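The sequence and structure are shown first.

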Amino acid sequence: MICYNCGSVLTNSDYCSQCGMDVSVYKRIVRLSNTYYNAGLTKARNRDLAGAADTLRRCVKLNKRNIDARNLLGLVYFEMGETVQAFSEWVMSTNIQPDNNPADKYLVAIQQEKGKVDELNHTIKKFNVALDYARSGTDDMAIIQLKKVLNQNPNFIKAYQLLTLLYTKNGQYERAKRTIKKCMKIDKCNPLSIRYLREINNYLEEEKKNNPDRRMERRRSLRGRMVDRPYLSGNDVIIPKTDFKDALTGAQSILHIIIGILLGAALVYFIVTPARISSVTDRVNDTKVEYNQKIAIKNSTISELQNQVDTIKADRDKLKTSLSQYTDTGNTLSTNYSNLLEAVQHYLDKDYDKSAKSLEKVDGKMKMDSAPFTKVYEALSKQLSSQVEKGAFEAGMTAYGNGDYKEAIKQFEKCLETNKDNDEAMYYLGYAYTRDGNEQKGQEYFKKIVDDYPDSDFYTRAKNQLPEDSQEPEE
């Protein structure tokens, strides 16, 4: 896996060893894309082409540089008869990775086959013509065009599905059923094909129960036309048979008829009947085995899909949490950088008050990954320490006068961070803590003045605030 920022090879760390970029979210996205690719490959091997196409589209949406997934998606489209979409995926793949790309071989192989590209283009045009015929209600012409399309492109899923709809619309349910079964041999789990087959079976079952006479009449009308014959163009010629035989005499005819009847009866008794019984038995056994296999496959697929859903949900929650934390951190860092640049600009303009106020907004305690940021912050803080001290003290006194003791505590502590020997700030900080309900903390600051600053102007005031006496501060 390579870094999306600098292109270097990534290690197990969540940060790039070359550029220092946070790649933890990027790694999770790539892993999720690879998971979708593996699932799509499994579905393609099982001829679940529609499911494979959907999974691979999710894969390349997460990671557009997943060349294997994009090439496989093109192959799936091509197998479904979607040649335009297949070419699009392969062309995008070759643009992303021009060298050593299997998509080049696919494109060259199709282009080298004489007339293949023109044939595919004609197939799409004929399908569009058939679609227009179907929309205008000219079903016969639409069916003819679709048969031409399937003769040229036997894997065109959409052509099979449209032909099934037209057959169903005209009441030719048996033909519709055979057509959609051919489609499902190409794409076994296509949701639309499964839905059409279920609807056709419902029609046949309902007709069998409610109107059997109509069903038999329709089957008789279609007798002799049950097998779909290949489409004949205008240049095809049908040559009738011209073999003639001499007419037989009446006795010979009767003798031949009797022999034929006897041979037919013997054939039925000794060959046809046992073969039919054996054939029916074999079909029943094969049907049982097929249904058992389908049930086992469906149960396995459901379990696998449920596991994938649980994994994807967990990854989604982790990604949401990581992205939220990353966004919050990024916003804080951006605000810190902006405030620091503003402080530097005011300092260069010699407007030290505004520079100090801007520097106060910078969170100096926050961990910064940038060494230049820390160096500039410390240098500017040193130059503006007096301005920061003065501004923090004035802000603390304002907050104290307004009764906002928490803000006063915050500002006096910032003042002491700049100058730990500011006894005045220390005195009002102790009194702010006392007013805020934290008398023990306030007593600590009063005692610190009495113990460490005996020459302070606030010595007597602080001493009076100790447990022996309690007075309001003189302002």
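The model is predicted.

The buried residues of helix 2 are Leu49, Ala50, Gly51, Ala52, Ala53, Thr55, Leu56, Cys59 and Val60. These buried residues pack against four elements: helix 1 (24-45), helix 3 (67-79), helix 9 (173-186) and helix 10 (191-210). In an α-helix there are 3.6 residues a turn, so residues three or four places apart point the same way.

## Packing of helix 1 and helix 3

Two packed helices are described by the angle between their axes and the distance between the axes. For helix 1 and helix 3, the angle is about 25° and the axes are 10 Å apart. Because angles under 35 degrees count as roughly parallel, helix 1 and helix 3 are therefore roughly parallel to each other. Their crossing is left-handed.

The contact joins Tyr37, Gly40, Leu41 and Ala44 of helix 1 to Asp68, Ala69, Leu72 and Val76 of helix 3.

## Packing of helix 6 and helix 7

The crossing of helix 6 and helix 7 is left-handed.

On the helix 6 side, the residues in contact are Glu119, His122, Thr123, Lys126, Phe127, Val129, Ala130, Tyr133 and Ala134. They meet Asp139, Met141, Ala142, Gln145, Leu146, Lys148, Val149 and Gln152 of helix 7.

## Glu119

Glu119 belongs to helix 6 and is among the residues that meet helix 7. With a relative accessibility of 28%, Glu119 counts as partly exposed, because the partly exposed class lies between the 20% limit for buried and the 50% limit for exposed. Glu119 and Asn153 are 34 residues apart in sequence, while their C-alpha atoms are 8.7 Å apart in space.

## Cysteines

A disulfide requires a pair of cysteine sulfur atoms within 2.5 Å, and by this rule the count is zero. Cys189 has a relative accessibility of 39% and so counts as partly exposed. Cys415, at 0% relative accessibility, counts as buried. Cys59 is one of the buried residues of helix 2.

Key: Residues are numbered from 1 along each chain as its sequence is written. This is a predicted model: local features need pLDDT of at least 70, side-chain atom pairs count only at pLDDT 80 or more; totals for chains, interfaces and linings use all residues. Side-chain values use heavy atoms; hydrogens and water are left out. Buried means under 20% relative accessible area, exposed over 50%, partly exposed in between (1.4 Å probe, protein chains only). Helices (H or I, at least four residues) and strands (E, at least two) are DSSP runs, numbered from the N terminus. Contact means heavy atoms within 4.5 Å. A crossing is left-handed if the near helix is turned anticlockwise from the far one by less than a right angle, and right-handed if clockwise. Axes are lines fitted to C-alpha atoms, for helices over the stretch in contact, and angles run from 0 to 180 degrees between N-to-C directions. Angles under 35 degrees count as roughly parallel, over 145 as roughly antiparallel, 65 to 115 as roughly perpendicular and the rest as oblique.
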